[in-house]
Amino acid sequence: MEKLIKELEYRRVEQQTRRHFLRNCGFGLGALGLGSLLGSCDSGASKTAQVAGGKVPHFRPTAKRVIYIHMAGAPSQLELFDYKPELVKYDGVDCPAEFLEGKKFAFIQGVPKMLGPQGKFKQFGESGAWMSDYVPYMHDLADDLTFIKSMHTDQFNHAPAQLLMHTGGARLGRPSLGAWAAYGLGSENNNLPGFIVLTSGGKQPDAGKSIWGSGFLPSVYQGVQCRTGGDPVLYVSDPNGISRDMRKNTIEAINEINRQTYEQVQDPEILTRISQYEMAFRMQMSVPEVMDVSKEPQYIRDMYGVKPGEGSFALNCLLARKLIENDVRFVQLFDWGWDGHGTSAADNVGGGLHEKCRQTDQPVAALLQDLKMRGLLEDTLVVWGGEFGRTPMQENRNGLVMPYMGRDHHLDAFTVWMAGGGVKKGFTHGETDELGYYGVKDRVHVHDLQATILHLMGFDHERFTYPFQGRNFRLTDTEGKVVKSILA
Amino acid sequence: MDFSFFQDSGWATFIGRFHPILVHLPIGFLLIAALLEVGRRMGRIQVNESTISFVLFWAAVGATFSCIAGYLLSLSGGYDEALLSDHKWQGIGVAAFAWIAWLVKSDFIGERIPFGPLFYLPAFALATVLTLTAGHHGGSLTHGDDYLTQYTPEPFRTLAGMEPLNTKKGEIQPIADIQQAVVYQDIVQPILEARCTQCHNASKKKGDLRMDEYAMLVKGGENGPIMVAGKGGESDMIKRCLLPESDDNHMPPKGKPQLTTEQITLLSWWIDQGAPADKKVAELTVSDPVKPLLAALQSGGAAAAGSVAEASAIDGLEVKAGDPQAIAKLTQAGLIVRTISAGQNLLEVSAVNVPSFNDQQMALLMPLADQVAWLKLGRTSLSDKGVAQISKLKNLNKLHLEYTGITDAGLAGIKALPKLEYINLVGTKVSDQGIKSAVEMKRLRSLYVWQTEVTDSVIKLLAKEHPQVVINNGMSEESIAAFVTAGDSIYSKLDQKKAQ
């Protein structure tokens, strides 16, 4: 109730913004009553603290920072981590009717044929985790990972599935996981945003910027996308002829005006604006420094496979390590090009997928190794996955035989792995059936994964809410169960 | 009566299984009739005697059909004979007395029975009491006889003279040292208790099989032994678990909580090893597929060497809230101060934005000596002099000193910290001497010494003496180069194959 009244007050103040405008135009409307209607300056001060400060976690976080590696387009679990020897036998056999009854696929029509795993699998480490020769660099890290093999989602198209994965809802308008993290834990570095996004693979993810948006949370928590070539963040460098001191004076003057306006109209977005101006000024110094990998020793750059002057997933991984080292809360990496339908030489689960793995396998492994030896992996959670999985059947778009080996979108089974920050080492949770079609043990829904990540960051996903339009919203909506068995 | 035709055709079991549904009708009807009768006699409600009579009639009909269904169910066997007999006769009693109570009140027959009305109340009361006892016994037959009171809370527990509540019953408790675990007692029995003994116990021995005690498990059931010592795969117990769930012989029955593959593998391995009663893991041969499963049972389930998940030294620690003025001073100096979690008041302090943080400024932390648990002073201007002050932060749990001026002398100064679990010394001048003293710290678990003067040979030595501490020396330039080429070679192999 109290929250409702607060929101009502806020909406009322929004109305007053218009009156305020009229008053300034010389009408003097309501000038007398305004002072008593507006909140006092005290409440404003506490709101400022809230914007910058985050909340106190419900319990002690085991993951103080998160790197979320999203392979946009959805990598095939059947080629990389979910080994299905039975599927080899059924390669080329018509798909059993029970798999198709009542199911909808993005492209598969009629009766497709089963497609055996294209990678060669072996077990690695003491934990005996299965991995294929598509991801050779990960082999040595088997005992650092927790696999969830029984992931499932509700959406079989890229954009809604990506939205569901990152915002908890398939439609637009909700805050992303990283925004929730920044909102909850606050920033641990005064000079860098709490949530930074890096993309690679030549295209942005299908769902666009909404998957790192702040939704109804104050916009200060949205992900800041950094470019990997040229200026890392556009428009933060000083224009020609403007000195840093002059810039500083300008920003101070603007913020002073903003502050006065805030005291009059109480719109929290003004606080966001003020802190963004201040942050931008500090970022002019801090971002170029942290985004500059030229000072990294050559052997570290080689470890990630970073090529000079080239924006790449490898560079993004190295940057992610540097950002984490500087206590950025949430680093989101998107790499595009994993949609292996079998339509072209690039989009398939044979050579195309192999090429994508070649671009990403070494950097991901290097990132884990690097975090480990710097003592950062213990409290940094690394998550790897796509928005859904791929079918054990070969895609037959329009009922035709495809030019390359490909698999369709699949929502009933995919693999996500995690490492570091409070998850078990060398552990596998869940299992799919012998053909990898459906999770048969310990299924984990996208909301369960989100609940678990929040839990690792110290938040009970059911109590971690934000009031909006009269009700408390949370990342997991009304669903989600923490996957307790993967917690270390 | 001969039910053999019935039984053979499956009709008996089919009808019998309706017993648990049917029984609720007479229970409800009888109790409502009794309530109405009491209410009427106390003058609280206006109710016609014929109404009660009507309810009684249906109670008697329901009880009769329940008896028939119950008898048919009992033919499928597997129940405790004594308990079953009690239950049966009480059930028949319910039906009989309900009929008597109804008869003596009925319009046609009631008047013809001499002293009929005298029988009414005793018969009614008996039927009601028997409903309750029969119902309770029925519950005990289905769920086991301690089902009702298993979770009796305190103080009633002690008053009733029951054993303290073991809430984790049926779950495998994390085992501190898996090698020393007795396989039957610590691994096998908890699995059986979680999944099997509900139906195979002293009071409900389905298939004449009990799995609650070792001797009974070895003895087997109506089809003979269920285990072939040394041959897990040929043992009936394992074979049934592996049948498809839809198969009639599959165990546990369809719809009941199933065994996981890991649990079946563990049981099968134990039988492979001769199903010993008192052997420890260390005394048996552990095959490769079983290794990770056993490792997962160890506390925390960590499979990688050395990573032991245990309660943190600051778990449950509560201190009073830090002085807001002291916190404000730190914030003014550019440090970031955060409360780690609700309820504990412990603080996390970071100097990530203050590379100039120096020994003198350590004084700022002293008013918060009780509260600071996580301290990040990496890449600052701190030297041994400032590090010496850290020894006063008695609840310190994680300490970042990477790329600072700390040396062995400074490290020795903080040796006494009782809750310190993590020290990051990457890129410092610390050497073998320093970490030799550091590993003596009681709670230390992680020590990061990449790019220091610490040598691999000493780390190897210390790792043996102090297996609880993971000393990470990172990767040398050479091992990084090896890492790069190892993966590359697999990719080029694949390329060659593709080219062919």
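Reader: What area is buried between domain 1 of chain B and domain 2 of chain B, and what percentage do carbon and sulfur atoms give?
Author: This is a predicted model, in which local features need pLDDT of at least 70 and side-chain atom pairs count only at pLDDT 80 or more, while totals for chains, interfaces and linings use all residues. Residues are numbered from 1 along each chain as its sequence is written, chains are lettered from A in the order in which they are written, and side-chain values use heavy atoms, with hydrogens and water left out. Taking buried area as the accessible area (1.4 Å probe) that two parts lose on being put together, summed over both, the two domains bury about 600 Å², with carbon and sulfur atoms giving 37%.

Reader: How many salt bridges does the rule find across the interface of chain B and chain A?
Author: A salt bridge is a side-chain nitrogen of Lys or Arg within 4 Å of a carboxyl oxygen of Asp or Glu. One such pair is D315(B) with R60(A), whose closest N and O atoms are 2.5 Å apart. Between domain 1 and domain 2 of chain B the count is zero, whereas across the interface of chain B and chain A it is six.
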